[in-house]
Amino acid sequence: MYKNIVACTGYGGTGSSAITDLFKEFDYCLSMGNEEFWFLQDYDGISDLEYFLIDGNHRSKVSLAIKRYKDYAKNRKVFYESFFEGNFISYTDKYLDSIVESRFSKAIVSAEEPNPLKRLLYFKISPFLQILYKKITFQYFDEFSPWFPLVEKSYAYPSEKKFSKLTKDYTGKLFSLLDPNDQYHTLVIDQLVPATNIKRYFNYVDNLKVILVDRDPRDLYLLNKNHWKGASYICNTDNINEYIGWYKALRIHRKKEDLINNNIIIISFEELVYEYDDTLQKLCIFLNIDLKSHTLRKKYFNPEISKNNTKLWLKPHNYESEIKIIEKELSEFCYLK
C-alpha cells in the first residue's frame with residue numbers, strides 16, 4: 001500500500017512533467033514519467049460518472065453515464081492494459097457492477113445510439129412510418145406512442161460515501177498492479193487530476209497528494225511564439241489580449257477554491273529551477289520523504305538544463321510590447337527573482 005499517491009498537474013505546458021522526472025531520482029518512489037493517466041478527469045471519466053450518479057442523477061442519464069465510462073475504458077484499453085497487467089477492463093467491469101443497483105430492458109434513446117444511420121432510422125424514419133400506418137388504418141385518434149428497440153439499461157443512486165469507497169477500492173486495486181512486489185512507498189503520476197476543483201478528486205484515491213505546477217506567463221507566451229509555434233495545450237497567442245484572458249481565466253479558481261491544504265502544494269516551474277534546493281526540501285517535507293533517498297540527483301531533472309527554457313523575456317526576442325502588457329496585466333503570476 002502506497003503511503004503517497006502523488007498527482008502532478010498544471011495548466012498545459014507549465015511543467016508538471018518536471019516533477020515526475022524529479023521523483024525518478026528517489027529511492028522507493030515509482031514515477032510513471034511522461035505517461036499521463038487521465039481516466040479520473042477525462043471526458044466521460046470518473047468525475048463525469050460521479051456527477052451523473054450523484055450531483056446530476058437523472059433517470060434518463062445514469063445508464064448512459066455508466067455506459068460511457070465503460071466505452072471510455074474500452075477505447076483506451078491498449079494504453080491502460082499495458083500498465084495494469086491486462087486487468088483494466090476486468091477491474092472496470094467489476095467496479096461498475098458494484099455501483100449498479102438495477103438492470104432492466106427499456107427503449108433506446110437517441111443519445112445512446114452512436115451510429116448516425118441507426119439514429120436516423122430509429123428516431124426519424126421509424127416514427128414517421130408508424131404514424132403513417134396509424135393514419136392509413138384509421139388509428140390516428142389513439143394516443144401515439146412510438147416503438148423503439150429495447151436495450152439493457154442500469155440505474156444507481158449511490159451516496160457520495162458509497163461512491164467514494166467503491167472508487168477508492170477500484171483505483172487502489174489498479175495502482176497496486178503498478179507495484180506487484182510492494183517495493184515503493186510513493187507513486188507519482190502526471191495528470192491524474194486537473195488543476196481545478198482538486199478537492200473533488202480526493203474522493204477517488206486514497207493517500208492522494210497533489211502538486212500543482214505553474215509557469216511564468218511571459219515564458220509560456222514566448223515558448224509558444226518561438227519554439228512550440230501553436231501548442232495544442234495553450235490558447236492561440238496571435239492576439240495578446242486573448243492570451244491574457246485565457247491565462248487569467250484558467251487561474252480564477254485559485255481565488256475561489258480553498259487550496260490551503262496539507263495534501264495540496266503549489267509551486268512554480270521557476271522555483272524548481274532557480275530555487276532548486278529549497279523547493280526540493282519543501283517537496284520532501286510535503287510528501288514526508290527522506291531527502292537522503294534522493295540518490296540519483298539531477299539525473300532526470302537538471303535545473304541547469306531547464307534554465308535554457310526560462311526567463312526567455314530577458315533574452316533577445318521580437319515581442320517587447322507584448323511582454324510589457326503581460327507584465328502589467330499578469331504581474332501576480334510573474335516570477336520576480
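The model is predicted. Helix 5 and helix 7 cross at roughly 165 degrees, and a search of the whole structure finds 1 cavity of 30 Å³ or more.

**Helix 5 and helix 7**

- Helix 5 spans residues 88-99 and helix 7 spans residues 160-176; their axes come within 10 Å.
- Angles over 145 degrees count as roughly antiparallel, and the two helices are therefore roughly antiparallel to each other.
- The crossing of helix 5 and helix 7 is right-handed.
- On the helix 5 side, the contact is made by Phe88, Tyr91, Thr92, Tyr95, Ser98 and Ile99.
- Helix 7 meets these residues with Lys162, Phe163, Leu166, Thr167, Tyr170, Lys173 and Leu174.
- Sorted by class, this contact has 8 nonpolar, 3 polar and 2 charged residues.
- Among the residues in contact are Lys162 and Lys173, both in helix 7, and lysine counts as charged.

**The largest cavity**

- The largest cavity holds about 40 Å³ of space.
- Its lining consists of Asp44, Gly45, Asp48, Leu49, Phe52, Ala65, Arg68 and Tyr69.
- Helix 2 (46-55) and helix 3 (62-75) are the elements that give two or more residues to this lining.
- By class, the lining of the largest cavity has 4 nonpolar, 1 polar and 3 charged residues.
- Asp44, Asp48 and Arg68 are among the lining residues, and Asp and Arg count as charged.
- Gly45 also lines the largest cavity, and Gly counts as polar.

How values were computed
Residues numbered from 1 in each chain as written. Predicted model: local features only at pLDDT ≥ 70, side-chain atom pairs only at ≥ 80, totals over all residues. Heavy atoms only, no water. Axes fitted to C-alpha atoms, helices over the stretch in contact; angles between N-to-C directions. Helix = DSSP H or I, 4+ residues; strand = E, 2+ residues; numbered from the N terminus. Parallel < 35°, antiparallel > 145°, perpendicular 65-115°, else oblique. Left-handed = near helix turned anticlockwise from the far one by under 90°. Contact = heavy atoms within 4.5 Å. 1 Å grid on protein atoms, 1.4 Å probe; cavity = no way out; pocket = protein on both sides within 12 Å on 5 of 7 lines; lining within 4 Å. Points joined across faces, edges and corners; volume = space filled by probe spheres on them.
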